[in-house]
Amino acid sequence: MNSVVLFSGGKDSTLALYKALENGDNVQYLLSMESKNSSSYMFHVPNISLTDLIAEAINIPHIKGKTNGIKEDELEDLKRELTFLKKKGVECIYTGALYSNYQKSRIEKIGEELSMDVISPFWHVDEEEYMKMIVDLGFDVIICGVSAYGLDESFLGRHIDYDLIEKIKTISQDVPINLAFEGGEAETFVLDGPIFQKRIKILKADIDWHFDNGTYIITDAILVDKN
């Protein structure tokens with residue numbers, strides 16, 4: 001099936017891409033929506049400008065759509081891009097949705113309007129098993145944004161591994177945190193993985209911290225050969 005993956009550069013959209021390829025789909029494009037609104041209801045914002053670097057590392061054509069990030073209006077911006085891709089032969093949309101009915105239902109509505117299938121391969125996956133699967137598959141994922149009680153500045157830039165998963169589990173015993181961050185507790189960025197032909201090396205990054213939330217902003221990065 002000719003497919004497009006809604007792609008943010010984070011763990012969930014990257015795992016959706018992994019699954020699409022594993023399913024044997026012809027992933028023709030990655031589609032990233034660049035929002036001017038840092039509080040977009042629909043779209044991932046931190047380091048979204050670097051998705052072209054991941055696309056190059058994976059060697060799949062990449063399209064960037066623009067949106068002002070206005071609630072509900074941003075769906076029309078997404079529909080515009082998907083309409084264009086449908087004309088180019090794309091039949092199916094993959095999403096990284098895990099638990100967000102807000103995002104999933106709206107994308108499915110657009111899919112229905114355009115007669116395009118919508119697949120969310122990890123919908124309602126077990127959170128802990130999912131996070132451990134990411135590590136076991138060999139994806140190198142860093143945290144690039146936090147906005148939940150219990151997640152402080154020290155989490156920014158950290159790689160997701162078994163120790164981090166256990167730490168988040170411990171925190172979740174005292175505060176309501178989705179272990180896979182589907183509640184918006186944290187944002188991620190993928191540097192490497194089994195579908196990458198090259199890996200991303202961060203040369204420079206800044207931390208923007210505001211009392212109880214912050215962002216790890218990658219300001220310079222390059223692709224390097226994998227050892």
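Buried, in these notes, means under 20% relative accessible area, exposed means over 50%, and partly exposed is in between (1.4 Å probe, protein chains only).

I'm working from a predicted model, where local features need pLDDT of at least 70, side-chain atom pairs count only at pLDDT 80 or more, and totals for chains, interfaces and linings use all residues. Residues are numbered from 1 along each chain as its sequence is written, and side-chain values use heavy atoms, with hydrogens and water left out.

**Thr51.** I looked up Thr51 and found it in helix 2 (residues 51-58); helices here are DSSP runs (H or I, at least four residues), strands likewise (E, at least two), numbered from the N terminus. Its relative accessibility is 0%, so Thr51 counts as buried. Leaving aside neighbours within four places in sequence, I listed its contacts as Phe7, Ser8, Gly9, Ser32, His62 and Lys64 (contact: heavy atoms within 4.5 Å). With Ser32 there is a side-chain to side-chain polar contact at 3.4 Å; that term needs a pair of N or O atoms within 3.5 Å and, within protein, one able to donate a hydrogen and the other to accept it, while residues adjacent in sequence count only if both atoms are side-chain atoms.

**Positive phi.** Ser115 has phi near 55 degrees and lies in the loop between helix 4 and strand 5 (117-119). At 61% relative accessibility, I log Ser115 as exposed. His124 has phi near 60 degrees, in the loop between strand 5 and helix 5 (127-137). At 49%, His124 goes down as partly exposed.
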